[in-house]
Amino acid sequence: MFILLPPSEGKADAPRRGRAVDLATLSVPELGDARRQVLDDLVALAADPQLAIGTLGLGAGQTGEVERNARLASAPAVAAGKVYTGVLYDALGLAGLDAAAKRRAAKQLLIFSGLWGVVGVGDRIPPYRCSIGVRLPSTGPLAAHWKAALKAPLDALAGDELVLDLRSSAYAGMWTPPHAVTVRVLHGGKVVSHFNKATKGRIVRALLESGARPRTPARLTQTLRDLGYRVEEPRPGQLDIHVEQL
C-alpha cells in the first residue's frame, strides 16, 4: 500500500552545510526533466523579488522566502521528512518511529509538491516556497504541468497496489490513483479542518508501526478498526474516521 501526503506550507530551516539537491537521486527519477524545468523557472523568478512575491502569493514581508528560492540549486539539502513541518507531520512524528517503521515509511510514503512533483521521505531536498496553485512564467500552471508529468510513472509505480490518499484537494488533482481510498475526519458528524491533519498524521503513524499492508479497502477498514479507530464507509473509495476528542 502506498500512502499519499500533501506537503506543508511551512518548511524547516535549511542546514548551513551539506550537499545540494541531486535530481537524479530523487524518487521516481523519470520526473527529472519536469523537475529541472520547475526548479530553473523558480530560481529565475527569484531574480525579480516583486514579481516573485506576487507570483508565489506571498506578503511584502516574506522576501526571505524569495531569497531562499534563489539559492535552491546550491542550497544544502536534507531528507524531505525533515523539511516538511506542521500539524500532520508533527502527529506523524517520523523521527520517533522505530527502525522497521522508518523502513516502511521510506517505501510507502509519497509527498506531493509544487516544485518536485512527488518525493519520498528520504529524498534530500532544500526547503523552498512554491505551492501547486502557482503559475510560473515559463512552466505555466504547475497543476497542469504535474498532472501531465506524473500520470505515466505513478500509474506504473502504483500498479494494482491500494493507495491511501490523504492529500488536500489542491494536490489531489496532480494524480488520480487507480485504486484509491480517501479519508474524511468527522467530529460530532461534522467534517473538521485543523484536527483533520492531526488525525491523518496519527493514522499514518499507526499503520507504519503496525506493519499492516492491506490490499483492499475492506482490509484497510478492518485494519483501522483494529487500531482503535471508528470507521465508516459512506461510499466506495471513501472512509469516514470519527473522532471523539479534538
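Predicted model: local features only at pLDDT ≥ 70, side-chain atom pairs only at ≥ 80, totals over all residues.
**Exercise 1. Helix α2**

Task: Find which residues of α2 are buried, and work out why they line one face of the helix.

Solution: 
- Start with the helix itself: α2 covers residues 49-56, and Ala52, Ile53 and Leu56 are buried in it.
- Now look down the axis of α2: the buried residues fall within an arc of 100 degrees, so they line one face.
- Next, see what covers the buried residues of α2: the cover includes α1 (32-45) and α3 (63-70).

**Exercise 2. The largest nonpolar core**

Task: Name the residues that touch the most other members of the largest nonpolar core.

Solution: 
- This core has 76 residues, and Leu5, Leu109, Phe112 and Trp116 touch the most other members.
- Take Leu109 and leave out residues up to four places away in sequence: its contacts include Ile3, Leu5, Leu92, Val119 and Leu208.
- Arg104 and Gly120 are also among the residues that Leu109 touches.

**Exercise 3. Asp165**

Task: Decide whether Asp165 is buried or exposed, then describe its surroundings.

Solution: 
- Locate Asp165 in strand β8, residues 163-165.
- Its relative accessible area is 8%; buried means under 20%, so Asp165 is buried.
- Its side chain makes a polar contact with the side chain of Arg167, at 2.8 Å.
- Beyond four places in sequence, Asp165 touches Leu4, Pro177, Val181, Thr182 and Val183.

Methods. Residues numbered from 1 in each chain as written. Heavy atoms only, no water. Buried < 20%, exposed > 50% of the residue type's maximum accessible area, 1.4 Å probe, protein only. Helix = DSSP H or I, 4+ residues; strand = E, 2+ residues; numbered from the N terminus. Arc of directions from axis to C-beta. Contact = heavy atoms within 4.5 Å. Core = buried A, V, L, I, M, F, W, Y, C linked by side-chain atoms within 4.5 Å. Polar contact = N/O pair within 3.5 Å; in protein donor to acceptor, adjacent residues only side chain to side chain.
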